[in-house]
Amino acid sequence: MASAASPLTSSSTPPRYAILVAGGSGTRMGADRPKQFLNLLGEPVLLHTLRRFAQPELGIEQCVVVLPAEQFATWEQLCREFSISIPHAVVAGGETRWASVRRGLAYLAEQPAGLVAVHDGVRPLVSAAVIEQTYAAAATHGAAVAAVAPKDSVRGLAQQGSYALDRSRLRLVQTPQCFELQLLWRAYQLPELPTFTDDASVVEDLQPIYLVPGDYRNLKITTPEDLIVAEALLRAELGAG
Ligand SMILES: Nc1ccn([C@@H]2O[C@H](COP(=O)(O)OP(=O)(O)OP(=O)(O)O)[C@@H](O)[C@H]2O)c(=O)n1
Ligand SMILES: C[C@](O)(CO)[C@H](O)COP(=O)(O)O
């Protein structure tokens, strides 16, 4: 039997890549600048997110950050200001999240195989454990996505009024969303549909999506109160560390 450190084991581990999408405009945040650059405990949101994926134990070979082309200069300036030395590529985003992911994937087109995580640049509190478990599940299942159970009751909208949904059969989807690279590549060659809100919805016609336990702290900074909650969670994390 091969030991955990044997060359057989390490050579069979697929290379890991990450695409951090930060190509949005942050309309719902309504801030004076894109939310990926907002200050979260003294540092830009996107720097927090990038740092999570740069944790050495995750073994990610390449991080691709997707930003609107007109924000490249701002990010370069922030990289200087905050002495960001984490290696990463910067790629221009598109009109929609789908288009931004597609462009991030195009940057990885030369890679023959591996696992790729797509993560929202505005989910800065993702834990190493959730990232690791999502990559590991993708290695086994091809497509794996972090998700949590709804805490509230859920209702669907009807023509007249609304109706109760069985929340035990529902999950709220987060990122990271991890895939075999070639699978995600194939899925993103298909035309964009208005129903694509994430990567799982792009892939699911080709491959069942395995759900991994996510984390309620892995919130997406979308509206102003999310930033307040994120600061509180980060303070608690730093205090506990
Ligand atoms: N054209 C786009 C749109 C979104 N995103 C990214 O996808 C993630 C989730 O999108 P969302 O929270 O909707 O971000 P925004 O589009 O910036 O926000 P809003 O919808 O409020 O304008 C974010 O990290 C966002 O930067 C992207 O890379 N390219
Ligand atoms: C990808 C995502 O974060 C999963 O919850 C979400 O679908 C993004 O949606 P948005 O409309 O771009 O906020």
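**Exercise 1.** Determine whether leucine 41 is buried, partly exposed or exposed.

Solution. Leucine 41 has 13 C-beta neighbours inside 10 Å, so this residue counts as partly exposed. The class follows from these cut-offs: buried means 20 or more other C-beta atoms within 10 Å of the residue's own, exposed means 12 or fewer, and partly exposed lies in between, with C-beta atoms placed from the backbone. The model is predicted: local features need pLDDT of at least 70, side-chain atom pairs count only at pLDDT 80 or more, and totals for chains, interfaces and linings use all residues. Residues are numbered from 1 along each chain as its sequence is written, while chains are lettered from A and ligands numbered from 1 in the order in which they are written.

Next, leucine 41 is placed in the loop between β2 (39-40) and β3 (43-44); strands (E, at least two residues) and helices (H or I, at least four) are DSSP runs numbered from the N terminus. Finally, its phi is near 50°, a positive value in a residue other than glycine. Most residues other than glycine have a negative phi.

**Exercise 2.** Locate serine 83 and classify its exposure.

Solution. Serine 83 lies in the loop between α3 (72-81) and β5 (89-92). With 6 other C-beta atoms within 10 Å, serine 83 is exposed. Its phi is also positive, near 50°.

**Exercise 3.** Which peptide bond involving proline 176 is cis?

Solution. The bond runs from threonine 175 to proline 176, with omega near 15°. Proline 176 belongs to strand β10.
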